[in-house]
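Dear colleague,

Please find below the structure I promised to pass on to you. My notes on what was found in it follow directly after.

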Amino acid sequence: MADLRKIAPLGTAVLLLAGCRQDMHNQPRFKPLAKSDFYTDLRSARPPVEGTVARGDLRADSYLYSGMIPGSDTPGEYMPFPVNEEVLARGRERFNIYCTPCHSRLGDGNGIVPTRGFARKPPSFHIDRLRKAPLGHFFDIITHGFGIMPDYAAQIAPKDRWAIVAYIRALQLSQNASADQIPRGQAMPSPMPKFRGDPGSGATLPESAAPSKAQPEEPK
Amino acid sequence: MAQIFHRSTNTISRATIFGAVFIVAFLFWAAAQVQRSPYVTYAGVVRPQPVPFSHQHHVAGLGIDCRYCHTSVEESRFAGIPPTKTCMNCHAQVWTKASLLEPVRESLRTDKSLVWTRVNDLPDFVYFDHSIHIHKGVGCDTCHGPVDRMPMMYNYGSLLMEWCLNCHRAPEKNLRPREQVFNMRYQQPSSDNPVLLDGRSFSDQDSLGTYLVTKYKVRTVADITSCDTCHR
């Protein structure tokens, strides 16, 4: 009997600890991107077999996926689907997520990341060469990259890339519009303030707001 | 014959019989507190990572949107952990010699995944979907906390069921306009700082939340607190 008295608390403790197992919390299935000991590369997420076509991803419309006029290497100057306000709003949203770190919200190439040590900053979208570049050219660069710009094929879906392209064109128009291009009834935007130095290149201030010697002195 | 027990034993035995209720109650209370403590939930506890990635630097310092890296957060359950290529989008150019980033470069060279420590780990018997929360106007920082002020990642909430239910029982207390979901410094409307939406001005969370529940067609509290909403 003395033995049983010694064993009983130990047995109770073992039973209580058994309640601490986490089998339901960590079930034998994979969460996304979880580690797998089965495959040699330790990844549970498997790449699709080569030649796999996902549902809705047949890519029969080659222009939508390449920006090149079918049967040629020439970038096209038309959108694969009609552009409306919704597409432009989507383009602005995607542009502001994926492009602004380098190209800036204005598209002038003065984003913050290149200032941290890039060999050179991206060109402004408002230079003559890029204003004349066809839409398919921009799509191609987002898809395949250009120079030190990496490709964004994995991060941005093709339709979103086109929406961004449409928004880039809108940005270009916005920076090169004249007064007579403003539709009737729309408010005339106020003239852009003059900046000291390149806009967006750092601590640039509008000239009117910058403290200067011309400030009126306090009346005495 | 001498007494076996001292006279004080009477008092002690009465006190302990009566006090047992409190002792047992205390034990239950203590167990519950341990379950809610960071010792069990890891809330606010920084976990070691292969690379000391700072959300504070990338989000607040550089202004990079959450979705630049967490690309699938709007369309799927899983927000997405970026592949090494996403890191190299910038780090092929900046901090290319930094020893802190050597594991990243090694991952690119050898095509082996970086093994991050999962921070927000729900139990496997819970169904959770990021996309639905985003589309109904739940901000990132409502659950993840001030990520733009986290040099190292930790889970903000306890991830306990009561923590989920706090919001599911009264969703209108936390909803915000969809356009503000990824804004890490969003503030709930006040009379000084109203939220403008659909041509209306909301100066308190009650009116905005009630409006958004209808606008975004958030299901009834009975629906979203039903067991099979999360345990399916």
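In this predicted model, two helices of chain B, α5 (residues 84-91) and α6 (residues 102-110), pack against each other at an angle of about 120°. Their axes lie 10 Å apart, and the crossing of α5(B) and α6(B) is left-handed. On the side of α5(B), the contact is made by B:Thr84, B:Cys87 and B:Met88; α6(B) contributes B:Val104, B:Arg105, B:Ser107 and B:Leu108.

I turn now to chain A. Its mean pLDDT is 84, and 81% of its residues reach 70 or more. Over residues 210-217 of chain A, however, the pLDDT is below 50. This stretch has two contacts in the model beyond near neighbours in sequence. Where pLDDT is low, predicted coordinates should not be read in detail.

Which secondary structure elements does chain A contain? There are seven helices and zero strands, so that reading along the sequence of chain A gives the pattern α-α-α-α-α-α-α.

As regards burial, 30% of the 220 residues of chain A count as buried. The accessible surface of chain A comes to about 15,700 Å², and carbon and sulfur atoms account for 59% of that surface. Finally, among the contacts in chain A with a separation of 6 or more, 43% are between residues 24 or more positions apart.

With kind regards

Methods. Residues numbered from 1 in each chain as written. Chains lettered and ligands numbered in written order. Predicted model: local features only at pLDDT ≥ 70, side-chain atom pairs only at ≥ 80, totals over all residues. Heavy atoms only, no water. Axes fitted to C-alpha atoms, helices over the stretch in contact; angles between N-to-C directions. Helix = DSSP H or I, 4+ residues; strand = E, 2+ residues; numbered from the N terminus. Left-handed = near helix turned anticlockwise from the far one by under 90°. Contact = heavy atoms within 4.5 Å. pLDDT = per-residue confidence, 0-100. Buried < 20%, exposed > 50% of the residue type's maximum accessible area, 1.4 Å probe, protein only. Areas by Shrake-Rupley, 256 points an atom, 1.4 Å probe, with all protein chains shown as cover.
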